[in-house]
Amino acid sequence: MRQATLLAIGASALAAADTLIVKLLASHVHAFEIAFFRSWFGLLFALPLLLKGRLTLRSSLLPKHILRAVLKYCAMIAFFIAITHAPVADVTAISLLAPPFTLFGAWLFLRQKQHPQHLIVIVLGFAGAIIIVQPGTPAFNPYLLY
């Protein structure tokens, strides 16, 4: 339990550092460049594991993996654009809505049966998003849609 807690704290700290670095770089470097170099350095860290054979790239679902990678890359670019042009607190709050959106997508696209608790989470998540984004008001920042 202690190790999981420490890993969660470490992941949160790294995510905060990542967001801070993107925000600081955004005034000088375009979001596409930031995403490219972030991915490049991620590959450099994974390369030793690939070369030693600890990670394998064999799969019968290669087209789906490629689609997932492309979608993840597009999501990263969109997130970086949002961080560049919107308040970090708002972007972070919207990004924390990923679990309710995942539940909703599983129900909508995969026909997964949802429990009543899941439906409550989905409704509260969408309500929270509306409160944060404030569509139709002068405070609305369109970059939060990224």
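**Figure 1. Arg 111, an exposed residue, with a relative accessible area of 67%.** Exposed denotes over 50% relative accessible area, buried under 20%, and partly exposed the range in between (1.4 Å probe, protein chains only). Arg 111 is placed in the loop between helix H5 (98-110) and H6. Helices are DSSP runs of H or I with at least four residues, strands are runs of E with at least two, and both are numbered from the N terminus. The phi of Arg 111 is near 60°, a positive value in a residue other than glycine. In general, most residues other than glycine have a negative phi.

The model shown in every figure is predicted: local features need pLDDT of at least 70 and side-chain atom pairs count only at pLDDT 80 or more, whereas totals for chains, interfaces and linings use all residues. Residues are numbered from 1 along each chain as its sequence is written, and side-chain values use heavy atoms, with hydrogens and water left out.

**Figure 2. The chain as a whole, with six helices and zero strands.** The order of elements along the sequence is α-α-α-α-α-α. The C-alpha trace spans about 50 × 45 × 40 Å along its principal axes. The chain has 146 residues, of which 18% count as buried. Among contacts in the chain with a separation of 6 or more, 65% come from residues 24 or more positions apart; contact means heavy atoms within 4.5 Å.

**Figure 3. The crossing of helix H1 (residues 2-25) and helix H3 (residues 62-85).** The two axes come within 9 Å and cross at roughly 65°. Axes here are lines fitted to C-alpha atoms, for helices over the stretch in contact, and angles run from 0 to 180 degrees between N-to-C directions. The crossing of H1 with H3 is right-handed, a term for a near helix turned clockwise from the far one by less than a right angle, left-handed being the anticlockwise case. On the H1 side, Asp 18, Thr 19, Val 22 and Lys 23 take part, and they meet Phe 79, Phe 80, Ile 83 and Thr 84 of H3. The residues of this contact comprise four nonpolar, two polar and two charged. In this grouping Ala, Val, Leu, Ile, Met, Phe, Trp, Tyr, Cys and Pro count as nonpolar, Asp, Glu, Lys and Arg as charged, and the others, Gly among them, as polar.

**Figure 4. The salt bridge between Asp 18 and Arg 38.** A search of the whole structure finds one salt bridge, defined as a side-chain nitrogen of Lys or Arg within 4 Å of a carboxyl oxygen of Asp or Glu. The closest N and O atoms of Asp 18 and Arg 38 are 3.2 Å apart. Asp 18 belongs to helix H1 and Arg 38 to helix H2 (residues 31-51), so the pair ties together parts that are 20 residues apart in sequence. Arg 38 is partly exposed, at 40% relative accessibility.

Figure 5. Asn 141 is buried, with a relative accessible area of 15%. The side chain of Asn 141 reaches the backbone oxygen of His 85 at 3.3 Å. Beyond its neighbours within four places in sequence, Asn 141 contacts His 85, Ala 86 and Pro 87.

**Figure 6. Ala 82 in helix H3.** Ala 82 counts as buried at 4% relative accessibility. Not counting residues up to four places away in sequence, Ala 82 touches Val 91, Tyr 143 and Tyr 146. Ala 82 and Asn 141 are 59 residues apart in sequence and 9.5 Å apart in space, C-alpha to C-alpha.

Key:
Polar contact = N/O pair within 3.5 Å; in protein donor to acceptor, adjacent residues only side chain to side chain.
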